[in-house]
Structure formats: structure tokens, C-alpha cells
Amino acid sequence: MLLKKALLLAALWGPAQLASAQLMQPKLAFTRADTLRGGQPAARTCYDIKYYHLDVRLDPAKQSVSGSNLFRFAATQDFTRLQFDLFANLAVDKVLYHRQSVPFKREANAVFVTFPQAIKKGAQDEFTVQYSGQPTVAKKAPWDGGLVFAKDAQGAPWVASACQGVGASIWWPTKDQQADEVDSMLISISVPTGLQDVSNGRLRRVTDLKDGYTRFDWAVRNPINNYDVALNVGHFAHFSDVYQGEKGPLTLDYWVLPANLAKAKTHFAANVKPMLKSMEHWFGPYPFYEDGYKLVDAPHLGMEHQSAVAYGNKYLNGYLGADRSGSGWGATWDFIIIHESGHEWFGNNITSQDIADMWVHEGFTCYSEALFVESQFGKPAGQAYVHGQRQNIRNEAPILGPYGVNKEGSGDMYDKGSNLLNMVRTVVNDDEKWRQMLRGLSKTFYHQTVTGDQVIAYLSKESGRDLSKIFAQYLQFSTLPILEIRFSKTQPPTCRWQASVPGFDLPVRVRTKGGEYRFLTPTTKWDILALPGATLENVEVDTFNYYIGVLVE
């Protein structure tokens with residue numbers, strides 16, 4: 001597509017914005033509390049969490065919780081003091097170490113425990129936190145954090161957790177950061193008898209406590225990040241199925257409100273197995289066969305809770321019935337099932353150590369939607385879906401957030417992240433190689449926490465091309481790079497990138513009208529346009545697959 005002497009842009013920018021690069025990070029003020037929540041001081045890094053037993057009693061009528069969490073850990077260095085996290089509106093009733101109370105001090109939402117003697121590097125040890133109170137009630141889950149207290153159509157309690165971003169310590173005591181995932185976990189949720197709880201992993205036992213409460217014990221055998229740990233309380237109907245996947249039989253369990261049972265059987269059958277087939281094709285085996293796969297009716301839109309995906313899309317195709325891409329292809333499948341389940345690979349299997357790198361979760365998962373479309377309807381449909389996602393991009397702030405303060409970057413991490421990955425695929429120019437790169441990510445970083453730089457380095461290595469400057473431009477700056485092509489009556493045509501990153505070097509596809517695309521490798525310095533026969537009137541840049549600006553004059 002050609003626009004003479006004008007900018008061809010996919011974003012709504014004014015001339016002043018295009019003329020200057022954005023700063024790598026917005027100017028934000030952070031507090032000591034932000035650092036305590038998002039940082040990695042010695043009081044956090046001194047211990048490696050191995051196992052939790054979260055034991056919580058929920059009172060839906062009072063919207064309160066009480067209970068305990070056992071922390072079992074390995075010491076990574078000698079220490080006498082460590083930090084765990086619990087929001088200040090919840091009381092730490094006691095911290096027990098070898099059955100004895102030990103002193104603790106609160107600062108903001110952090111809790112510092114002092115032990116009676118030094119815990120030596122390499123030691124395996126544990127302590128238990130007893131707590132109680134009324135957790136924050138989410139006002140608009142899943143976008144803000146807390147517990148959701150709702151009622152089903154029959155007036156029975158319907159309660160769920162949703163705490164991504166704000167953190168799991170909004171409702172239970174934990175080492176609340178993503179860099180150190182617990183290796184395994186027992187989740188015990190006690191609820192008024194007659195209600196059920198559905199949490200992550202597999203149901204180990206149900207116990208009548210003889211006091212009007214029933215406890216549900218769920219065992220998680222795989223590493224799990226804090227915000228994925230979930231409770232879902234209500235009256236549920238249960239049905240199950242099995243998917244024959246790459247690692248063998250995968251159990252599928254569905255917990256829905258009884259009124260939704262009939263439509264859930266039809267709707268889930270139409271979406272879940274095709275989703276699993278697509279995701280395993282592109283990303284490798286489902287990462288949590290040992291814990292199974294579940295969908296659970298939730299009183300909010302949805303969340304990627306590991307092995308217990310929260311579902312609230314009202315049994316509609318699209319995003320509450322709408323196609324987010326505007327391409328038409330997003331109206332043919334259930335957005336929440338595909339997107340939130342895609343997080344099982346990116347977000348749950350591979351977890352960013354700092355939420356500043358949440359593009360690793362959201363960019364890849366948003367891109368997984370397009371790959372699902374491709375698997376169902378062919379590559380042109382998938383490419384059209386990615387292109388359509390651009391209508392959601394705002395280009396107002398960098399995708400990358402500031403590190404160490406529990407702050408995400410721009411929401412452009414979703415759709416702009418997806419378009420960035422599609423451009424990398426275009427540069428790789430080998431679809432099977434690209435698929436193996438994606439599968440390799442899941443294998444290389446299986447059940448690990450990562451930095452964004454690790455992911456970029458892996459993609460660079462496997463592609464055979466240094467992609468760091470390309471990722472830097474799209475993650476660290478809100479402005480798009482602009483491909484400038486200049487024609488002269490006396491000189492050969494020239495081209496260059498105008499970009500915020502010095503030495504920006506994105507290979508780009510260009511052709512003369514009606515011809516075949518060829519790759520050019522412009523830099524930020526003017527060079528000859530290596531496109532025989534190109535003129536001002538017939539030069540075309542592949543702006544369908546490249547999310548860039550183009551200036552031809």
C-alpha cells in the first residue's frame with residue numbers, strides 16, 4: 001500500500017508524537033511499599049519456597065476468612081529474618097516456628113519474621129502463619145483484585161478469587177512475587193456444608209468437619225504462581241471428559257452452575273478439545289497433565305488459574321459475544337476459553353519473574369488466539385485476526401513496566417505484543433521453524449520463571465538473528481518505527497528506519513506493485529533501496545504483516 005508524501009500509520013498519532021521518541025519508562029513516583037511488594041531484597045531471596053499448605057475457612061455471610069498457611073522452604077543463605085506478604089487489612093494472628101510463637105513486624109503489606117537463631121544455608125525448614133479478617137472485595141474482577149462475593153440465580157453464595165497484578169497476599173499469606181514459585185501445594189478450603197470448593201490440582205478428599213463446615217483438599221503437584229491459586233465456592237454440577245493429548249490421556253473436568261449444565265456440555269465440547277489440539281501443536285504438550293485441566297463457572301469474566309481456569313463468558317462466542325479483532329474470525333469461538341487456557345503455556349508454565357515483563361504472558365497468549373484461528377481456518381484467517389487486533393492498540397505508553405515495584409506496563413502488551421510476535425514470525429520466514437521455536441520455549445523454560453531478556457535471547461538464538469533491538473523498540477517505546485523511502489530525480493532511491501532504538505534493524509518485506517515481496521535490511525542510516533524498478537508510484541511495503549509506519553516521498 002502506498003501513501004505519497006505522507007505517513008502510513010496503524011496508530012492515531014499527531015505529528016509532534018511522531019517527531020520524537022518516547023522515554024523508555026514513564027515518570028512515575030514509587031513508594032517504599034511498592035519496593036517491598038515488587039523488589040527482591042535479601043529478606044525474600046534468602047529462602048526458596050518449596051511447599052505450601054494453605055488452609056482457609058471461608059464465611060460467605062461475613063465475607064471473612066480465617067486459617068493458616070504452612071511455608072516449607074530451603075535456605076539459600078544464612079539468615080535470621082525473612083519477609084512474607086499479607087495485606088494490612090488482614091490480621092496476622094500468630095507466626096509459629098517449631099510450634100513456638102516468634103516475633104514479627106509489619107510494614108505496609110509486608111511482614112518480617114525474626115527467628116530465634118540463624119537458619120543456615122541449605123537447611124530445610126518451615127513456619128506457619130495464622131491469619132484472619134475480611135479480605136478486599138473486588139469491585140470489578142478480574143481487572144481489580146480481591147474476592148468476589150456474589151449469589152447464583154437461586155440466591156446461594158457464589159464466591160471466587162481474582163488477584164492477578166495486585167497479588168495473592170490480598171487474601172492469603174504468601175511470598176508474594178513471581179520469581180520464586182512454590183514447587184507443590186495443598187489447598188484446603190472449608191465452606192459451609194452444602195457448598196463446594198473447586199481449586200487447583202486434583203481433589204484429594206472431602207471432609208465433613210461436623211461443625212457446619214466441609215473441607216475440600218486440592219493437591220497441586222506442579223509449580224504454581226501465587227495469583228493462580230484459586231478458590232471457587234458455590235453449588236456446582238460436575239461432568240468430565242478425556243483428551244488424548246501428546247503426553248497421553250488428559251482429564252477434563254467441568255464445574256458449572258446447575259442451570260448452565262446442558263449448554264456447558266455443548267459449548268465446552270465445541271471449544272476445549274480444538275483449543276488443546278491447537279495449543280499442543282504450536283506450543284507443545286499441555287504443561288500440567290498431573291493436575292488435569294478444569295473450567296469453573298465464575299462470577300466474573302475469567303482468569304487463567306492454573307489447571308482450574310475461571311470461566312464467565314456467558315457461553316457466548318467471541319468476547320461476551322463480540323469479536324475483539326473486528327476481522328470476523330473472532331466471533332466463531334469462545335474468547336475466554338481460548339485466551340485464558342493459552343495462559344497455561346504462557347503465564348503458568350512460563351512465568352515472568354517481574355510483572356514488568358508481563359508481555360511474556362499476555363503477548364504470547366494474545367498471539368495464541370491468532371494461532372488458534374489459523375489452526376481452525378487456515379493461515380490467511382490467522383493473519384487477518386492478528387492484523388485486526390491492531391484496532392485495540394493505543395501506543396500511549398511502553399509495554400515494558402518499571403522493574404522492582406510491582407508495576408505492569410501498558411495494556412498494549414496484549415495486541416501490540418501479538419503483532420510484534422507475528423512480525424518476528426514473518427522475519428523468520430519459515431513456519432515450521434517458527435513452530436519449533438515456540439515449542440522450544442515451552443520445553444526450554446518448562447515450569448520456570450524467566451526474565452523478558454531470557455525469552456528474547458532464546459528467540460534470537462533459535463532464529464539465527466539478533467532480535468534485541470526489534471524487541472527494544474516495541475517494548476520500551478510507545479512510538480512505532482517508520483520506514484522512510486526517498487526517491488530523487490538524480491539519485492537512486494534510498495531508505496532507512498526512523499526509530500527510537502539506535503541501530504534498529506528490522507528486516508522488512510517490500511515489492512513493486514504486482515511483484516513478489518523481497519526482504520530488505522534497512523538500518524537507521526540512509527542506504528540504497530535494493531528494489532529494482534521501484535518508483536514513487538509502485539513501491540509497496542508489507543504493512544499487513546508489519547506493524548510500522550511508512551513514509552514514501
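The protein exposes about 21,600 Å², with carbon and sulfur atoms supplying 52% of that area (Shrake-Rupley method, 1.4 Å probe). This is a predicted model, where local features need pLDDT of at least 70, side-chain atom pairs count only at pLDDT 80 or more, and totals for chains, interfaces and linings use all residues. Residues are numbered from 1 along each chain as its sequence is written, and side-chain values use heavy atoms, leaving out hydrogens and water.

**Overall build**
- Eleven helices and 30 strands make up the secondary structure count (DSSP runs: H or I of at least four residues for helices, E of at least two for strands).
- For 553 residues, a compact globule would have a radius of gyration near 24 Å, and the 25 Å found here agrees with that (taken over C-alpha atoms; the rule is 2.2 Å times the number of residues to the power 0.38).
- Of the 553 residues, 57% are buried (under 20% relative accessible area, 1.4 Å probe, protein chains only).

**A closer look at strand β19**
- All five residues of β19 (residues 293-297) are buried, so the strand is largely enclosed by the rest of the structure.
- Tyr293, Leu295 and Asp297 cover one side, with Lys294 and Val296 on the other, and all of them are buried.

**Neighbours of β19**
- Strand β18 (residues 248-256) pairs with β19 in the parallel sense over four bridges (pairing takes at least two DSSP bridges), and aspartate 253 stands opposite lysine 294.
- Strand β21 (residues 309-311) also pairs with β19 in the parallel sense, over three bridges; here alanine 310 is the bridge partner of valine 296.

Conventions. Buried < 20%, exposed > 50% of the residue type's maximum accessible area, 1.4 Å probe, protein only.
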